[in-house]
Each structure stands twice: as C-alpha cells, then as structure tokens.
Amino acid sequence: AIEQRSVQRGCAGVKEMARQTRCCIFLGLALLLPELRSPSTWVTSPRTDAATGYYTAALKGAAKVEGSHSNSFKRLAQLHFRAVELRRQRSWNGATEVYRKALALQETMPEVKEVPKFAVAACSWLNLALTQQNNKCLDKARQTFQEGTRMVQELMHRDLDVWIDGRHRLRSHRQLSVDSSEQLRVACRWLATLLVAWGLLETKTGHRGRAKVLAERAAFLDGSKAKVLHWKIVTG
C-alpha cells in the first residue's frame with residue numbers, strides 16, 4: 001500500500017511538472033508573438049480595431065470596407081464606441097453629447113466612403129434616441145426620432161430624388177441606376193428601423209395607435225418589418 005501511494009504521488013508530481021512546462025511554453029510563445037508579427041501589425045491599435053469592428057456591426061451590413069478604413073469612418077467609429085462605453089456605465093448624458101458630436105461632425109467632415117450617408121445618419125440618430133429613452137427622457141427621444149426620420153428622408157430626396165407620398169409609396173422623377181437603387185434599399189431599411197424604434201417608444205407612453213401607424217409605414221419601406229404589426233405590444 002505504501003509503495004502504491006508513493007507511485008501515485010510520483011505520477012501526480014510528473015503531471016504537475018508537465019502542466020507547469022506547458023504553461024511556461026505558452027507564456028514564452030506569448031512573449032515571442034510580437035516579435036513574430038509582421039511590421040504592419042505594430043501600427044494597429046487594439047482599441048481602434050474594437051471601435052471599427054463595433055461600428056461596422058452597428059451599421060447592420062451597410063458598410064462595404066475594401067482595404068483600410070477612411071479617416072471619416074474611423075472617427076465616427078471612435079465616437080460611437082466611446083458612446084457605448086458611456087452607456088454601459090449608465091452615463092446617459094455623456095453618451096448623448098458624444099452622439100450629438102457625431103451628428104454635428106457629419107455636416108462638415110469628408111463623406112464616409114464605405115457607407116451610404118443615409119445609414120451613417122440614421123445609425124447616429126437611432127442611438128441618440130435610444131440613449132435618451134434609457135435616460136427616461138421620452139419626450140426628447142420622440143423629438144430625436146422625428147428629427148432623424150425627417151433628416152433621412154431629406155437626404156433621400158436630395159441625393160436620390162426619391163420621396164414618400166401620403167400613401168407611404170416611394171416616388172421619383174427619374175429611373176434609378178443600379179447603384180442608386182442599392183442606396184435606396186439601404187435608406188429604406190434604415191428609415192424603417194427608425195420608425196419601428198419610434199413606434200416601440202410610443203407603446204411605452206400608451207400610444208398604441210400611433211405605434212401601429214409607424215409600424216405600418218416601416219412595413220411599406222422594408223417588408224421584413226411587417227412582423228412588427230403582429231407583436232402584442234403593438235396590437236394590444
């Protein structure tokens with residue numbers, strides 16, 4: 001029995017030594033990895049990568065990145081990423097200011113080449129409104145949704161010569177090119193997203209009728225939003 005326990009202790013010791021050896025090898029490789037990377041890796045900031053990754057995802061497929069990001073894209077990505085950090089800290093006022101800065105910057109900065117401007121604007125307006133909603137500023141959130149949907153429609157009219165008539169139908173004076181048609185699809189999808197989010201806000205204030213109208217408008221623009229019309233929170 002004594003001999004068996006000695007053997008067991010010996011085996012355990014060998015296993016522990018093997019584990020420590022693996023850990024040392026792993027740590028050694030971790031220390032060596034920077035030396036093995038290509039020089040281009042050194043100029044990439046992990047925080048910048050996180051910001052552009054988040055912003056690309058937030059744009060829900062609207063971003064088409066080929067090669068490196070433009071400075072305008074990276075600047076907006078940094079602002080949106082900072083705003084999300086503040087929201088996680090429940091610093092609603094701080095996040096609100098950052099989103100407003102992003103919106104103001106869009107008026108003066110070079111165009112974001114990777115993303116249609118409709119998506120760039122709508123993404124900022126949407127997140128600003130949701131931040132105000134989280135801060136219990138429902139009236140301000142409603143005003144932001146109104147302003148955001150108006151701005152996106154103005155961009156559609158100015159850049160694509162497309163507007164929405166009283167029956168929620170898209171109108172234009174000319175035949176759209178393939179590129180313009182794709183931009184219109186992005187604009188409609190984002191406008192519909194704004195309308196749905198606005199409608200959900202209205203349900204929180206007891207305005208289900210208004211919410212249903214907004215959901216119907218969204219469904220005309222983006223068929224995938226039609227399912228919202230069947231949500232209990234909208235139908236009551």
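A: Phe 118, Ala 119, Ala 122, Cys 123, Trp 125, Leu 126 and Gln 133 are the residues that H5 brings to its contact with H7. On the H7 side they meet Gln 183, Val 186, Ala 187, Trp 190, Thr 193, Leu 194, Ala 197, Leu 201 and Lys 204. Sorted by class, this contact of H5 with H7 has twelve nonpolar, three polar and one charged residues. The model is a predicted one.

Two packed helices are described by the angle between their axes and the distance between the axes. Helix H5 covers residues 117-134 and helix H7 covers residues 178-204. Their axes come within 9 Å and cross at roughly 10 degrees. Angles under 35 degrees count as roughly parallel, so H5 and H7 are roughly parallel to each other.

Helix H7 is also the place of Arg 185. Arg 185 has a relative accessible area of 44%, so the residue is partly exposed.

Elsewhere, the structure holds two aromatic pairs. In one of them, the rings of Tyr 54 and Phe 81 have their centres 6.3 Å apart and their planes at 50 degrees, so this pair is tilted. Tyr 54 lies in helix H2 (residues 46-58) and Phe 81 in helix H3 (residues 71-88), so the pair ties together parts 27 residues apart in sequence. Tyr 54 is partly exposed, at 23% relative accessible area, whereas Phe 81 counts as buried at 13% relative accessibility.

Note on methods
Residues are numbered from 1 along each chain as its sequence is written. This is a predicted model: local features need pLDDT of at least 70, side-chain atom pairs count only at pLDDT 80 or more; totals for chains, interfaces and linings use all residues. Side-chain values use heavy atoms; hydrogens and water are left out. Axes are lines fitted to C-alpha atoms, for helices over the stretch in contact, and angles run from 0 to 180 degrees between N-to-C directions. Helices (H or I, at least four residues) and strands (E, at least two) are DSSP runs, numbered from the N terminus. Angles under 35 degrees count as roughly parallel, over 145 as roughly antiparallel, 65 to 115 as roughly perpendicular and the rest as oblique. Contact means heavy atoms within 4.5 Å. Ala, Val, Leu, Ile, Met, Phe, Trp, Tyr, Cys and Pro count as nonpolar, Asp, Glu, Lys and Arg as charged, and the others, Gly among them, as polar. Buried means under 20% relative accessible area, exposed over 50%, partly exposed in between (1.4 Å probe, protein chains only). Rings of Phe, Tyr and Trp (its six-membered ring) pair if their centres lie within 6.5 Å; planes under 30 degrees apart count as stacked, over 60 as edge-to-face and the rest as tilted.
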